[in-house]
Amino acid sequence: MTTEPIKDWATDYDIFDPEYIKDPYPVWDELRGKCPIAHTERWGSSWMPTKHADVYAIAQDVEHFSSANPLVVPVVPPEGFEQTGDDQRFLGVGAPPISSDGYEHTWTRRLLLPPFSLKSMEKWIPVTRAHCRSLIDGFIENGRADAAADYAQQIPPYVIAKMLGIPSEMSGTFTQWVQEFLEFGLQNFAMASEARNKILTFLWQQITEKKKNPGDDLISYLVQADVDGEPVPDQHVLGTCFLLLVAGIDTTWSSIGSALWHLAQHPEDRARLVAEPELMDTGVEELLRAYAPVTMARVLTEDYEYNGCKMAAGDKVLMSFPAANRDPERFKDPDKVIIDRAENPHIAFGAGIHRCAGSNLARMEMRVALQEWLARIPDFRLEDPENVTWAGGQVRGPRSMPVVFG
Amino acid sequence: MRIKVDNDKCQGHNRCITVAQELFDLDEYGYSHEKQDGAVPKELEEKARLAVANCPERAIKIVSD
Ligand code: HEM
Ligand code: SF4
C-alpha cells in the first residue's frame, strides 16, 4: 500500500488519506471544477467520477462496467500467502447479487426483493423500536454516550440477525467480523480472508441447521426458495447471506451515525424534527444525500473511452455516490442540509440495476433510530468535535462519537 | 394531468410511493406503476410533480395535461 504524500488529487487520489476521510467534500468540489473524473495508480489503475451525471451514466452502463468485484481496492494476497482449508472450501463463494452481472444478477436479486419490500419492513418496525429504546435505557442516566459505538453501531446487526433467524447475541460478533472484512481488511489481506472464513463458516452452520428445521426467517426462505423450478444452489444461499451481513451493517450504522453527528451540531434541525415529526421522511432522505456512506466499484470489461478518459480493460471505477449527491448541477445548495428539501433524487443507494436491495430496511432503521433518540434526547452536542473518529474507503461514517445530553 | 412509470427505468427506489401514495402501486419486487390509467386529479398534481422530481432514475413522466 502506497503511503506517499498526494501530489495532485486529479492524478493521484488516495481514498485512505486521513484528511480526506474526515472531510472529503472540498476535494470533490475541486475535482468537479478541474478534472471531474480523477485517476490514480495507487491500487492498480482506478478512476473516480465526481459528477452526478457521470456516476449515474456509468451505473447504467453494465456492458462496459462490470460488478464482478465491487470492492474499492483489490484485496490481493501478499507474497507467500498460503491458502488454508477454509480458503479452499469457500473458494468461488461470491456475494450475489452485488458481485453478479447479467442473468445471475437478475434472479439472485429477484429472490431478495420481496422480503425487503416496503411492506415486509412493517413487521420489523416494532422490533427495531424496542431495541432502540432499550439501548437508550442503557445510557440515558449517564448524561452522555458514544452515539456511534453505543447506539448507531448496535442497531443494524441486531435487526438483520433477527431477520435471518440467528441469535441476536451474535450481533456484536458480526459487527467485528464485518469491520475486519470491509474496513480494516481493505488494507490487510490476511485479516480480510480470515474474517470472510469466519462469517462463511458460521453462516454455513446456520444454513445446514435451517435446512433440517426451517423456521419463519430469511435463511429458511432462501433455502426453500426455487428459481425456475430448481432449488437455489447452496453456494448462492451462502453468498447472499454473506452479502446481507456485509452490506447491511457498516452502511446503516454509518448513516445513522452521520445523521446524529449532524444533529448534534445543528440545534435548529433537531428542534424542527422534534416540533414537526412529519418532516422525518424528507429529513432522513436529506441526511442520506448529504452524508451518503457508500462507494462501490466497477471493473472495465474492455478498453473503453468514457468522456475523454481512456480506460483500460481491468481498470476500476469508484462509484462515488457520495460525491454525486453533492453535485451543484443536480442539487441546489448541495452543501446545505435542508431538512425539508422537497426535491431530492439522491443516489445514496446507488442507481441502475444494483440499487440497494436493502434500502427500505435501511430507511426504516434510520427513521426509527432518529425518532427514538430525539424523543428521549432532544438536546445533545458533541463532547469534543476533534475526538470524533471516522472510517472511510468503501463505507464512510463516524466510529467513535462521544456526545453529552442537555 | 397524466403520469406514466417507465418500467425499463424504474429500479424500485420507492420514493414515488412515499411522496404520493395515492398515485402509485408497487409489485411484489418493489417496482412501481401508476394507479389505473395514471390520471392525476387536480388536487394531487403537486404531489405528482414531487414524485417526478424525487425519482432517482427519472422513470416517471408527465404524459399530458
Ligand atoms: C444506509 C444504508 C445503506 C446504504 C447507503 C447502502 C448503499 C448501497 C449501494 C450504494 C448499493 C449499490 C451497489 C452498487 O451499485 O454496486 C447497495 C447494494 C446493496 N445493498 Fe445496500 N446500503 C445500505 C444498507 C443496506 C442494508 C440494510 C441491506 C440489507 C441487509 C443492504 C443490502 C444490499 C444489497 C443486497 C445490495 C446489492 C443489490 C444488487 O446488486 O442488486 N444494504 N447498497
Ligand atoms: S421512485 Fe422512480 S425508480 Fe423508484 S419506484 Fe418510483 S418510479 Fe421506480
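A residue is taken to surround a ligand if one of its heavy atoms lies within 4 Å of it. The model is predicted, so that local features require pLDDT of at least 70 and side-chain atom pairs count only at pLDDT 80 or more, whereas totals for chains, interfaces and linings use all residues. Residues are numbered from 1 along each chain as its sequence is written, chains are lettered from A and ligands numbered from 1 in the order in which they are written, and side-chain values use heavy atoms, with hydrogens and water left out.

Ligand 2 is surrounded by residues of chain B, including B:C10, B:H13, B:C16 and B:C55. By class, this shell holds 5 nonpolar, 5 polar and 2 charged residues (Cys counts as nonpolar; Asp, Glu, Lys and Arg as charged; Gly as polar).

A:C356 lies in the loop between α16 (321-324) and α17 (359-376) of chain A; helices are DSSP runs (H or I) of at least four residues, numbered from the N terminus.

Helix α15 (residues 280-290) of chain A is largely enclosed by the rest of the structure, because 9 of its 11 residues are buried (under 20% relative accessible area, 1.4 Å probe, protein chains only). Elements covering these buried residues include α13 (234-265) and α17 of chain A together with α1 (15-19) of chain B.

A:D87, in helix α4 (residues 85-89) of chain A, is buried, with a relative accessible area of 9%. Leaving aside neighbours within four places in sequence, A:D87 is in contact with A:F81, A:E82, A:S193 and A:N197 (heavy atoms within 4.5 Å).

Note on methods
Helices (H or I, at least four residues) and strands (E, at least two) are DSSP runs, numbered from the N terminus. Buried means under 20% relative accessible area, exposed over 50%, partly exposed in between (1.4 Å probe, protein chains only).
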